[in-house]
Amino acid sequence: MEGKTLITYATRTGSTSDVADFIANTLASQGELADVLPIEDVGDLSGYKAVIVGSAIQASRLLPEAVDFISNNR
């Protein structure tokens, strides 16, 4: 399948962005194209074949901005 994968994330301390970068590098090693963006920087999703959403966990829950992103982009 052609196109890019978006890896987007919500983080408080930066750890989740490190995980997103690791995933992107893994995909790149397999010949896949991926963009890595913080959730607040994501606009139009139409150019992506897939979206991976990551979030830090606080009090056993995803961060609110991750929940909102998923709800708004189902």
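Student: What percentage of the contacts in the protein with a separation of 6 or more comes from residues 24 or more positions apart?

Tutor: This is a predicted model, in which local features need pLDDT of at least 70, side-chain atom pairs count only at pLDDT 80 or more, and totals for chains, interfaces and linings use all residues. Residues are numbered from 1 along each chain as its sequence is written, and side-chain values use heavy atoms, with hydrogens and water left out. Contact means heavy atoms within 4.5 Å. Among contacts in the protein with a separation of 6 or more, the share from residues 24 or more positions apart is 70%.

Student: In what order do the elements of the protein run from the N terminus?

Tutor: Helices (H or I, at least four residues) and strands (E, at least two) are DSSP runs, numbered from the N terminus. The protein has two helices and five strands. Their order is β-α-β-β-β-β-α.

Student: Why does the protein count as being as compact as a globular protein of that length?

Tutor: The radius of gyration is taken over C-alpha atoms, and the globule rule is 2.2 Å times the number of residues to the power 0.38. For 74 residues the rule gives 11 Å, and the protein is close to this value, so it is as compact as a globular protein of that length, with a radius of gyration of 12 Å.

Student: Which element of the protein has the lowest mean pLDDT?

Tutor: pLDDT is the predictor's confidence in each residue, from 0 to 100. Its mean over the protein is 95, and 99% of the residues reach 70 or more. Among the elements, the highest mean, 98, belongs to strand S1 (residues 4–10), and the lowest, 94, to strand S4 (residues 57–58).

Student: Is Ser60 buried or exposed?

Tutor: Ser60 lies in the loop between S4 and S5, and its phi is positive, about 65°, although it is not a glycine. Most residues other than glycine have a negative phi. Buried means under 20% relative accessible area, exposed over 50%, and partly exposed in between (1.4 Å probe, protein chains only). At 72% relative accessibility, Ser60 is exposed.

Student: What is the phi of Ala59?

Tutor: Ala59 is found in the loop between S4 and strand S5 (61–62). Ala59 is exposed, with a relative accessible area of 72%. Although Ala59 is not a glycine, its phi is positive, at about 55°.

Student: Which residues does Thr16 touch, not counting residues up to four places away in sequence?

Tutor: Thr16 belongs to helix H1 (residues 15–29) and is buried, with a relative accessible area of 11%. Beyond four places in sequence, Thr16 touches Tyr9, Ala10, Thr11, Gly54, Ser55 and Ala56.

Student: Which residues are in contact with Asp35, leaving aside its neighbours within four places in sequence?

Tutor: Asp35 sits in strand S2 (residues 33–38) and is partly exposed, with a relative accessible area of 22%. Leaving those neighbours aside, the contacts of Asp35 are Lys4, Thr5, Leu6, Ile7 and Tyr48.
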